[in-house]
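I opened a new page for this model.

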Amino acid sequence: MAGPTTFGYQNLGFGGGTAGGIAELSVEYVVVAGGGGGGKSGSTWGRGGGGGGGGYRSSITGESTGGGSSLESAKLFQNGTTYTITVGSGGNRSTGGTAKGGDGGTSSIVGSDITDVTTVGGGGGGGKTGGSGGGGAPHTNNGGAGTPDEGFAGGAIDNTGNADTGGCGGGASQAGSVNGSGFPQAGDGLNTSATGSTIGMAGGGVGLGGNGAYPVAYGTPSHGGANHAANAAANKGGGGGGGSLAGNHQYSVAGHNGAGLGGSGRVILRYLTADADGATITVTGSPDTGTSGSYTYYDFTGDGTFSFS
């Protein structure tokens with residue numbers, strides 16, 4: 001494991017005060033959990049539900065947080081305290097006879113002097129609850145519930161006409177649904193520009209269903225969610241695509257029964273660069289770092305820590 005990386009900001013002022021020049025630092029954040037894995041049905045006319053997007057919480061000025069809630073407040077980090085960053089893994093795809101995908105892993109910011117920021121992993125396809133809920137499947141019909149302040153519910157199965165399609169996963173800004181034509185639609189996630197580039201995260205995965213001897217699916221994924229029978233992108237907290245059996249034809253991707261993996265999560269911290277004048281920032285976990293406008297950011301795609309002195 002790589003050792004800590006230290007970034008120094010020299011303060012040339014005189015006089016007493018807190019060592020390092022500042023006592024506290026106002027830190028904004030985006031915390032996204034891992035997305036749920038896609039579900040699969042072993043029945044002949046199975047409907048595999050898409051995984052739900054990972055829970056999404058944000059305090060980034062001018063942006064949105066998950067579940068349609070009010071934007072959260074920045075945290076006041078204290079001089080000398082080490083804050084632990086955990087990035088959740090993506091949920092496993094459904095394999096074998098089970099129709100339910102695995103839930104995504106929890107992401108968090110934990111410190112001894114703050115109220116922890118924790119997000120719930122996306123619900124697995126097959127109607128499991130989570131940060132955002134997984135899409136429904138035959139044994140559940142309805143999608144799983146989302147977590148308040150983090151995401152929305154997964155969509156119900158659709159048997160309109162001959163589509164027999166599994167429900168789509170919910171996302172951070174929208175529930176999985178059925179559109180006016182009777183076809184399921186994956187729930188949208190949210191965008192952040194905390195690093196200076198737009199990153200879409202926590203979208204739901206698309207469900208898959210059987211139509212005679214051929215697989216069919218509907219619904220367009222977004223914000224890191226996966227299309228039917230596909231894996232979600234890494235570090236965007238999207239739901240994996242659903243898979244199934246269709247007629248007597250085994251529809252499979254890379255030998256994994258058609259369901260896709262959920263995407264791993266992400267944690268981004270940022271603060272006003274001028275506010276850290278005189279501080280030495282120390283991080284572990286090798287986050288990407290840089291400046292965007294008047295802010296300095298740390299983009300964690302794996303576990304790590306953050307502190308200053």
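I set the contact rule before anything else: contact means heavy atoms within 4.5 Å. I then listed the partners of Leu269, leaving out residues up to four places away in sequence. Leu269 touches Val27, Glu28, Tyr29, Phe77, Ile85, Ile109, Thr296, Tyr297, Tyr298, Phe300 and Phe306.

I noted the ground rules. This is a predicted model, so local features need pLDDT of at least 70 and side-chain atom pairs pLDDT 80 or more, while totals for chains, interfaces and linings use all residues. Numbering runs from 1 along each chain as its sequence is written, and side-chain values use heavy atoms, without hydrogens and water.

**Cores**

I looked for nonpolar cores, meaning sets of buried Ala, Val, Leu, Ile, Met, Phe, Trp, Tyr and Cys residues joined through side-chain atoms within 4.5 Å. Buried is under 20% relative accessible area, exposed over 50%, and partly exposed in between, with a 1.4 Å probe and protein chains only. The largest core holds 23 residues, and Phe77, Ile109, Leu269 and Phe306 have the most contacts inside it. Strands E2 (24–32), E7 (83–86), E18 (266–272), E19, E21 (295–300) and E22 (304–308) each give it at least two residues. E2 supplies the largest share, four residues. Strands (E, at least two residues) are DSSP runs, numbered from the N terminus. I also found a second, separate core of 11 residues, with Val30, Ile60, Ala194 and Ile199 among them.

**Rings**

I paired rings of Phe, Tyr and Trp (its six-membered ring) when their centres lie within 6.5 Å. The count is five aromatic pairs. Ring pairs join Phe77, Tyr83, Tyr271, Tyr298 and Phe306 into a cluster.

I checked charges over rings too: NZ of Lys or CZ of Arg within 6 Å of the ring centre and within 35 degrees of the ring normal. Arg270 has its charged end over the ring of Tyr295, 3.5 Å from the centre.

**Ser292**

I found Ser292 in strand E20. Its side chain reaches the backbone nitrogen of Gly196 at 3.5 Å. Ser292 touches Ala194, Thr195, Gly196 and Tyr297, again not counting residues up to four places away in sequence.

**Positive phi**

Which loop holds Asn235? I placed Asn235 between strand E15 (214–217) and strand E16 (243–246). Its phi is near 60°, positive in a residue other than glycine. Asn235 counts as buried because its relative accessibility is 15%.

Ser286 is not a glycine either, yet has a positive phi of about 55°. I put Ser286 in the loop between E19 (280–284) and E20 (288–292). At 59% relative accessibility, Ser286 counts as exposed.

Conventions
Phe/Tyr/Trp six-rings, centres within 6.5 Å; stacked < 30°, edge-to-face > 60°. Polar contact = N/O pair within 3.5 Å; in protein donor to acceptor, adjacent residues only side chain to side chain.
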